[in-house]
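Colleague: I have the structure open and would like to go through it with you. Could we begin with the sheet?

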Amino acid sequence: MRTLLSVILAAAIFLPGCAGGPERPPLAPVKVVAEDYWGKTVDDPYRYLEDLKDTVVQNWIQSQADYARAMIDRIPGRQELIDKMREFDARRAARVTNLAITDNDQYFYLKTTPADETGKLFHRTGFEGTESLLFDPTTFGSDTTKKYVISNISPSDDGGKIAIEVAPNGSESSIMLIMDVESKTLSPEQIDRCWLGGASWLEDGKRFLYNRLRSSDVHDPDREKDSKSYLHVVGTDPSRDVEVFSRAKYPGLGIKPEDFPIVAYDKYSRYIFGILATVDRRLN
């Protein structure tokens, strides 16, 4: 009996809730909303959680985050593991991703370092060429509440221009910028509502094809429906872009609202190919 009591006391001492934190995550208040569905009343106790601007919801989310942080911080050996991972990261001077090489040996890539996890866009001519910084996303935008990262890069065939997609705070709502590589200057237009596929340049290096969402509001449940592909001329207003491929333009193809009509130019055949992309691995 004494042994059993000792085990119970020892377990109680080491229970998560007895070591300086709450025993369980804070419960969300119940606010029942009754809805009638074909004569059947259904109670929804947590519908109010959909309103992310409600201070009650914000406070509950913050309490959940505080609880999760407290639990994570108390994992035995956690800091030692983090220190070891940082030590491993420091052994590598940099990490290169999103590498794009043009036919005339122009290299474009994103590079991150252990001290800076935001990838910056670099360029060099040839593998042994001198590296040059083209674009730092941390300098983009004046809103200090948004941290921009590069989500996609698409150089023209001759490497003279490059389309750069930047997205704020890890969102999937990108803004496309166009840069002249030699002068490192950005074209004045910015194309918002980009998300999928990047830019497909035509041979003249002055025009490209791209897909655009119907809305830039990440809270809009229909923002990804009925996207359209356009043709853009560098230096012109995106509102004047020519619609190339969409459900509205080709109603006879049976394109669904949730399909992404993507277009790509193939310089060898000189054809533009249209693809209906979905979550299905098969492409139409």
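**The sheet and its surroundings**

Modeller: In this predicted model, four strands make up an open sheet in the order E3-E4-E5-E6, with antiparallel pairing.

Colleague: Which strands stand at the edges?

Modeller: Those are E3 and strand E6 (132-135). Each has a single partner strand, so one side of each is left without a neighbour in the sheet.

Colleague: And by how much are neighbouring strands turned against each other?

Modeller: On average by 35°, with direction ignored.

Colleague: How many bridges join E3 to E4?

Modeller: Five bridges link E3 (residues 95-101) with E4 (residues 106-113), and the two strands run antiparallel.

Colleague: Where is Val32 found?

Modeller: Val32 sits in the loop between helix H1 (2-14) and strand E1 (33-37).

Colleague: Finally, what is the mean pLDDT of the protein?

Modeller: The mean is 88, and 92% of the residues reach 70 or more. Over residues 1-19, however, the pLDDT is below 50. That stretch has 10 contacts in the model beyond near neighbours in sequence.

Terms used:
Residues numbered from 1 in each chain as written. Predicted model: local features only at pLDDT ≥ 70, side-chain atom pairs only at ≥ 80, totals over all residues. Heavy atoms only, no water. Pairing = 2+ DSSP bridges. Axes fitted to C-alpha atoms, helices over the stretch in contact; angles between N-to-C directions. pLDDT = per-residue confidence, 0-100. Contact = heavy atoms within 4.5 Å.
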